[in-house]
Amino acid sequence: MGITCLVRWKNATGMRDFTYIAEHITKTLHGKNIGPWSLSFKVFRDVDSTMNNNNNARQMTLKDSKLLYQVSLAQQPRHVYCMVEGSVVVEAEKEMEIILPRLKNLWQLRQNVTIEGTSYEIGDFTLRVANILLGSAYKGLLLEIDYHPCSTPNNARQLFQEFVESIVPSTAQLSCEYEYNYEQVGLSNYEFTIAHTSYQYMQLFRNDGLF
C-alpha cells in the first residue's frame with residue numbers, strides 16, 4: 001500500500017482552493033481523478049460510573065477522563081482503528097462502530113466527523129483531497145498522500161515535502177508531520193499499514209484541536 005502523509009492546509013478557502021487543487025492536479029500534473037473517498041473520525045470520553053450529581057466532582061471527573069479515538073477509512077472498509085489515550089492502536093472489525101455507541105455506561109460520544117472528498121492518481125502517488133467541516137465550522141483542506149514505492153515508515157520525508165510544495169501555493173499555511181514514533185503505540189517502524197495512517201489522523205485531530 002506504500003506509506004502515507006497527512007497535511008492540513010489551514011488557511012485554505014473552501015471550494016475555491018479545492019477547485020484550485022483539482023485543476024492543478026489534472027491539468028498541470030496530468031493526474032487522474034479516480035473517484036470519491038471518505039473517512040469517519042469519532043472521539044469518545046470515558047464515563048466514570050461513580051460520578052455523582054455534585055458539580056465539582058463532575059468537573060474533576062471530566063478533567064481526568066480519557067479519550068478514545070476511532071478512525072474508519074474508505075480504503076479499508078472492513079475494519080476500524082481505535083486508540084485510548086496513552087495506549088496502543090488496535091484494529092477491530094467494522095461492527096465496533098455499532099458496539100461503542102451502545103456502551104453508554106463506559107464511553108460517551110464527544111465528536112463525530114465524516115469527511116468526504118476526491119482521489120487522484122499522480123505517478124507514484126495517490127492524493128486524497130477534502131474540505132474539513134466540523135458542524136458548520138470550516139477547518140481547512142485535508143490532503144492525504146500515499147507514496148506507493150516505499151513501505152518503510154518515516155522514510156520519505158523529502159519526497160513528501162517536495163510533492164506537497166508542488167501542489168499547494170507558497171502562501172499555504174500547513175500543519176503536518178513527516179515522522180512519527182509508531183512503536184510507542186504498538187505499530188511497526190519497519191512496515192507501514194492502514195493502522196499507521198489511522199494513527200496519523202488521531203495525531204492530526206488531537207494536535208490541531210479539531211474536536
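Is Arg128 buried or exposed? In this predicted model, Arg128 is buried, with a relative accessible area of 11%; buried denotes under 20% relative accessible area, exposed over 50%, and partly exposed the range in between (1.4 Å probe, protein chains only). The model is predicted, and local features accordingly need pLDDT of at least 70, side-chain atom pairs count only at pLDDT 80 or more, and totals for chains, interfaces and linings use all residues. Residues are numbered from 1 along each chain as its sequence is written, and side-chain values use heavy atoms, with hydrogens and water left out.

The protein contains five helices and nine strands, where helices (H or I, at least four residues) and strands (E, at least two) are DSSP runs numbered from the N terminus. Read from the N terminus, the order of elements is β-α-β-α-β-β-β-α-β-β-β-α-β-α. The radius of gyration is 18 Å, close to the 17 Å given by the globule rule for 211 residues, so the protein is as compact as a globular protein of that length. This radius is taken over C-alpha atoms, and the rule is 2.2 Å times the number of residues to the power 0.38. The C-alpha trace spans about 60 × 40 × 25 Å along its principal axes. Of the 211 residues, 46% are buried. Among contacts (heavy atoms within 4.5 Å) between residues at least 6 apart in sequence, 66% join residues at least 24 apart.

The nine strands form an open sheet with antiparallel pairing, in the order β5-β4-β3-β2-β6-β7-β8-β1-β9; two strands pair if DSSP finds at least two bridges between them. The edges are held by β5 (90–93) and β9 (174–176), each with a single partner strand, so one side of each lacks a neighbour in the sheet. On average, neighbouring strands are turned by 25 degrees against each other, direction ignored. Axes are lines fitted to C-alpha atoms, for helices over the stretch in contact, and angles run from 0 to 180 degrees between N-to-C directions. Strand β1 (residues 3–9) runs antiparallel to β9 and is joined to it by three bridges, with Val7 opposite Cys176 in β9. Helix α1 (residues 15–28) packs on the sheet, where it touches β1, β6 (107–122), β7 (125–134) and β8 (137–147), and its direction makes about 175 degrees with that of β7. Helix α4 (residues 157–167) also packs on the sheet, touching β1, β6, β7, β8 and β9, at about 130 degrees to the direction of β8.

Four salt bridges are found in the whole structure, each defined by a side-chain nitrogen of Lys or Arg within 4 Å of a carboxyl oxygen of Asp or Glu. Arg128 pairs with Glu144 (2.7 Å, N to O) and with Asp146, the closest N and O atoms again being 2.7 Å apart. Arg128 lies in strand β7 and Asp146 in strand β8, so this pair ties together parts 18 residues apart in sequence. Asp146 is buried at 4% relative accessible area, and Glu144 is buried at 0%. Through shared partners, Arg128, Glu144 and Asp146 form one network. Another salt bridge joins Lys94 and Glu97 (3.1 Å, N to O); Lys94 is partly exposed at 28% relative accessibility, whereas Glu97 is buried at 16%.
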